Amino acid sequence: MNSHAPQAIVVLAAGAGTRMKSAVPKVLHPICGRSLLMHAVTAAAGLDPERLVVVVRHERDQVVEHLAEHAAFVRVADQDEIPGTGRAVQCGLEQVDAETGTVVVTYGDVPLLDAATLERLVAEHEGTHSAVTVLTARIPDPTGYGRILRDEAGEQVLGIVEHKDADEAQRAIDEVNSGIYAFDLAVLRSALSRIGTDNAQGEMYLTDVLAIAREDGGSVRALVTDDPVLVEGANDRVQLAQLGAEMRRRINERHMRAGVTIIDPDTTWIDADVTIGQDAVIEPGVQLQGATDIAGEAVIGPDSTLRDTVVGRGAHVVRTQALLAEIGEEATVGPYTYLRPGTVLGARGKIGGFCETKNAQIGDGAKVPHLSYVGDAEIGEGTNIGAATIFANYDGVNKHRTKVGRHVRVGSDSVLVAPVEIGDGAATGAGTVVRKDVPPGALAVNASGQRNVEGWTQRRREGTAAAEAAREALERAASGDATDASEMDTTHGEQETR
């Protein structure tokens, strides 16, 4: 268990986020594969708190549904009609049974804040036996932020003054309030019970807790983070994009320092939950999304998008889009290939150019080299599927499954009409339509003779370029036949005279 596990963490996610100008709640906007809220919840969960509470109000049902899907362990608290961060925290504490311990308050729109920083905050708070510890940052341009007022010794926080209320000297202070706190639970409950809404905004301000704690004789301290971007919030889409770019840069750097080669980090997008093994190579133009897992020594890209996909050691995936797929060790995929959910490619297998697969299990060493569709199928090890083969899995009402055995050779341009099974070691001729099962070792062919309808183009396409080309070709052929016949007669006559 974490040695600095707090009694509770309260994540404030009740705001409307009007500056996003979106029907989607601000905290549900995604960056790097997670919503803003799930970044906050993930960081909070990293401290292993006794209780993790998310306070909601705006578009409550959407937010609660999102939490139920991605973080069912979280307790939800509803903020009532009384506005303000102080009231939001007070509502959150209704989900906390304890009376003592440390409570951390953070926000659902601060995506880069990590568990390590929160743990430092709790350690500082508990190590100094403070009533309140506020996380702060020093930034070059603090315009718009609340300034931290310290005592002469620089140890105690005397208060927080908002930018609009600060005098010239206070505005020169570069240490700003992040709004993220560690509180003594008993102090917090007591102070919140004494905060009113008698102010210009008619809100319960959480910052008022600091003054009350000092009046009660408590110690109020600050922990300065040396990485200000960790406490930046996303209030509009511009800030969302800026924070997303910074998060991607950090994710790429983390992987590179762990032994992954990323050829061009500027064109490589890797989500927060992606794992990549040592000595993997990520080519330019790659997007690794969701819970994608890339094993060591694999080569991905260029120009590939993989979501929730597993790639085995030493596999090579180029110009491919894959969703919920599995690619075996030393397998090859691409280029211009689409792997849909349920695709499983075995070790050393191949899915080549301009292929699409769906709900297909393709065995070790099996190959679907090019220009094919494989849907709802099972293909055995060592089998080769010829170019332009179609697995016809849909009858207009239901999907059906095709099973192809081991070491089968399917001829080019075959159509396998499901449900059908081709036995081990069997084969099909080029252009075969397989409508019934093929026994092991058998050759399936469609033995219909070719019939040529002479003169069809001239009759049915009269006046077209095709008809003219056919006419000219026939005339040349006729002229050539006559010349050949004349030469044969002359030769024959000469032989007779000799």
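Helices (H or I, at least four residues) and strands (E, at least two) are DSSP runs, numbered from the N terminus. This is a predicted model: local features need pLDDT of at least 70, side-chain atom pairs count only at pLDDT 80 or more, and totals for chains, interfaces and linings use all residues. Residues are numbered from 1 along each chain as its sequence is written, and side-chain values use heavy atoms, with hydrogens and water left out.

**Stop 1: a loop residue**

Select E81. It sits in the loop between strand 5 (75-78) and helix 3 (85-92). Is E81 buried or exposed? Buried means under 20% relative accessible area, exposed over 50%, and partly exposed in between (1.4 Å probe, protein chains only). E81 has 61% relative accessibility, so it counts as exposed. E81 and A426 are 345 residues apart along the chain, and 73 Å separates their C-alpha atoms.

**Stop 2: the two domains**

Colour residues 8-231 as domain 1 and residues 251-444 as domain 2. These bounds come from an automatic or database domain assignment. How far apart are the C-alpha centres of domain 1 and domain 2? They lie 47 Å apart. Four residues from domain 1 and four residues from domain 2 take part in the contact. Contact means heavy atoms within 4.5 Å.

**Stop 3: paired strands**

Select strand 10 (residues 175-184). Nine of its ten residues are buried, and the strand is mostly covered. Two strands pair if DSSP finds at least two bridges between them. Show strand 6 (residues 102-107) next: it pairs with strand 10 in the antiparallel sense over four bridges. Look for V104, whose bridge partner in strand 10 is A182.

Move on to strand 7 (residues 132-138). Strand 7 and strand 10 are antiparallel, with seven bridges. Here L135 has I180 as its bridge partner in strand 10. Which way does strand 7 pair with strand 11, parallel or antiparallel? The pairing is parallel, over six bridges. A137 is bridged to T225 in strand 11. Strand 11 (residues 220-225) is largely enclosed by the rest of the structure, because five of its six residues are buried.

**Stop 4: the annotated sites**

Select H370. UniProt, in an unreviewed entry, places the feature "active site" there. UniProt positions are given in the numbering used here, feature names are shortened, and annotations may be inferred rather than shown by experiment. H370 lies in strand 29 (residues 367-370). Its relative accessibility is 37%, so H370 counts as partly exposed. Leaving out residues up to four places away in sequence, H370 touches G353, C355, A387 and A388.

Now pick A387. The unreviewed UniProt entry gives the feature "binding site" at A387, N393, Y394, S412 and A430. A387 is in the loop between strand 31 (384-385) and strand 32 (390-392). A387 is buried, at 19% relative accessible area. With residues up to four places away in sequence not counted, A387 touches H370, S372, S412 and D413.

Step along to Y394, in the loop between strand 32 and strand 33 (402-404). A polar atom of the Y394 side chain lies 3.0 Å from the backbone oxygen of G396.

**Stop 5: cysteines**

Select C355 and C32. C355 is buried at 3% relative accessibility, and C32 is buried at 8%. How many disulfides does a search of the whole structure find? It finds zero. A disulfide is a pair of cysteine sulfur atoms within 2.5 Å.

Key: Polar contact = N/O pair within 3.5 Å; in protein donor to acceptor, adjacent residues only side chain to side chain.
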